[in-house]
Amino acid sequence: MHQNSHSVVIIGYGGMGSYHAKLIKDNKRVKVVGTYDIDSVRAEASTQDGYRAYPSLEAVLEDKTVESIVIATPNDSHKDIAVRAFASGKNVICEKPVTMNVGEFEEMTAAAEQAGKVLMVHQNRRWDEDFLIIKQMYDRKSIGDLFRIESRVHGANGIPGDWRHLEVHGGGMLLDWGVHLLDQALFMIDSKITSVSSRLSFILGDEVDDGFEATIQFENGISYLIEVGTTNFITLPRWYVKGTEGTGIIEDWSMTGRTVTRNREVEHVEPKPIQAGVGLTKTMAPPSEEATITGVLPEPFRQPSSFYDNFADVLDGKAEPIVKNDQVLRVLNLIEAIFEGGRTGETVRDFDQY
Ligand code: NAD
């Protein structure tokens with residue numbers, strides 16, 4: 001394998017487009033050979049960063065030396081750019097949410113199939129350490145069988161940026177952070193969904209949601225809460241999980257956390273009643289110290305390779321994509337169910353036809 005043999009051009013050199021350039025710089029098999037952005041200020045930034053700024057999308061697509069593109073533009077433009085790229089014989093890495101809805105995604109995958117080209121969606125948070133620790137707890141049952149997972153991201157800064165406030169561009173937090181947390185849930189839990197209930201919030205008065213809550217019930221008994229908020233001046237922990245043998249918590253992205261499990265070595269010790277408010281309680285008293293074991297978080301599950309190494313392997317026919325398009329489709333279906341549940345207030349029960 002020659003070094004840097006896979007050439008890519010980044011379409012949309014904004015916040016995430018320039019982050020892709022940094023990610024690819026660390027990769028020995030993929031090389032950024034240029035960018036295209038409709039905004040001349042961003043085109044200038046690209047030139048200054050050492051990347052040729054193509055004058056138009058056509059110019060990128062006509063360039064036979066370009067093997068693949070990365071789409072990092074606002075969400076409403078992904079589908080058309082991808083379909084044109086496939087028609088020109090390019091592979092596509094597309095930012096999340098891959099499209100605005102299921103219908104657009106089906107058009108995109110059909111175009112990829114017809115061209116015989118690769119489409120990989122950048123669901124990068126499958127590589128997040130906090131998630132990989134929880135996945136390890138789930139797979140290895142280190143606190144027993146999980147039956148409740150709470151996955152939250154909280155901020156107090158409202159909806160960021162400009163286009164994320166507008167429906168026409170695919171704004172709102174369900175399509176922004178929601179897609180990551182839902183992708184993690186469906187990647188981790190190998191079970192059918194039996195019901196989904198959801199509530200979207202519009203506290204800031206935007207036309208798109210500034211946060212949401214969704215509870216997904218899986219056939220294997222797991223109740224999975226996902227909550228995204230942008231009006232939380234005090235944040236709740238990133239993860240709170242309950243298993244048949246204990247409880248786990250990850251507070252934040254610096255991996256502060258612990259597990260507390262039942263100590264099987266000691267006989268059952270009755271907790272002592274505590275004063276709680278104006279009453280007494282034994283039920284809600286903390287377990288006695290000898291009855292539990294406080295442990296450190298387990299080692300994270302390891303992905304077989306990084307996103308870009310996997311992309312290069314897929315192009316070379318050496319591996320399957322880690323982010324598979326049928327998984328992406330299932331997440332988009334779930335997003336549609338959450339939007340519907342938010343609109344109607346009803347629980348969606350006939351979700352999982354996949
Ligand atoms: P941004 O506004 O910072 O950048 C978008 C850029 O695209 C801008 O420079 C804009 O001028 C350019 N652009 C718009 N329409 C274009 C077109 N038709 N052709 C070429 N350029 C065009 O937005 P962002 O935060 O970088 O988000 C871009 C995409 O990346 C979105 O889909 C977003 O959801 C995704 N994203 C993913 C992650 C992640 O962790 N995976 C993080 C942030 C953003």
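Axes here are lines fitted to C-alpha atoms, for helices over the stretch in contact, and angles run from 0 to 180 degrees between N-to-C directions. Keep that in mind for the helix pairs on this tour. The model is predicted.

**Stop 1: H5 and H9**

Select helix H5, residues 102-115, and helix H9, residues 325-344. The crossing of H5 past H9 is left-handed. Now show side chains. H5 brings Val-102, Phe-105 and Thr-109 to the contact. From H9 come Asn-325, Val-328, Leu-329, Leu-332, Asn-333 and Glu-336. Sorted by class, the contact of H5 with H9 holds five nonpolar, three polar and one charged residues.

**Stop 2: H7 and H9**

On the H7 side, pick Leu-174, Leu-175, Gly-178, Val-179, Leu-182, Asp-183, Leu-186 and Phe-187. They meet Gln-327, Arg-330, Val-331, Leu-334, Ile-335, Ile-338 and Phe-339 in H9. The residues of the contact of H7 with H9 divide into 11 nonpolar, two polar and two charged.

**Stop 3: H4 and its cover**

Move to helix H4, residues 78-87. Which residues of H4 are buried? Select His-78, Lys-79, Ile-81, Ala-82, Ala-85 and Phe-86. Look down the axis: these residues cover an arc of only 165°, which puts them on the same side of H4. An α-helix has 3.6 residues a turn, so residues three or four places apart point the same way.

Next, colour what covers the buried residues of H4. The cover includes strands S1 (6-11), S3 (68-71), S4 (91-94) and S5 (119-121). Helices H3 (57-62) and H5 (102-115) are also part of the cover.

**Stop 4: Gly-89**

Gly-89 follows H4 and has a positive phi, near 80°. The loop between H4 and S4 holds Gly-89. Is Gly-89 buried, exposed or partly exposed? It is partly exposed, because 13 other C-beta atoms lie within 10 Å. Gly-89 and Ala-115 are 26 residues apart along the chain, yet their C-alpha atoms are separated by 6.4 Å. Leaving aside neighbours within four places in sequence, Gly-89 is in contact with Ala-115 and Lys-117.

**Stop 5: a cis peptide bond**

Go on to the loop between S4 and H5, where Pro-97 lies. Zoom in on the peptide bond from Lys-96 to Pro-97. This bond is cis, with omega near -20°.

**Stop 6: positive phi without glycine**

Two residues remain. Select Lys-141, in the loop between helix H6 (129-140) and strand S6 (146-154). Lys-141 is not a glycine, but its phi is positive, about 60°. Lys-141 is partly exposed, with 13 other C-beta atoms within 10 Å.

Finish at Met-255. Where is Met-255 found? Look in the loop between strand S11 (246-250) and strand S12 (257-262). Met-255 is another residue other than glycine with a positive phi, near 65°. Met-255 is partly exposed, with 14 other C-beta atoms within 10 Å.

Technical notes. Residues are numbered from 1 along each chain as its sequence is written. This is a predicted model: local features need pLDDT of at least 70, side-chain atom pairs count only at pLDDT 80 or more; totals for chains, interfaces and linings use all residues. A residue is buried if 20 or more other C-beta atoms lie within 10 Å of its own, exposed if 12 or fewer, and partly exposed in between; C-beta atoms are placed from the backbone. Helices (H or I, at least four residues) and strands (E, at least two) are DSSP runs, numbered from the N terminus. The arc is that of the directions from the helix axis to the C-beta atoms. Two residues are in contact if their C-beta atoms, placed from the backbone, lie within 7 Å. Ala, Val, Leu, Ile, Met, Phe, Trp, Tyr, Cys and Pro count as nonpolar, Asp, Glu, Lys and Arg as charged, and the others, Gly among them, as polar. A crossing is left-handed if the near helix is turned anticlockwise from the far one by less than a right angle, and right-handed if clockwise.
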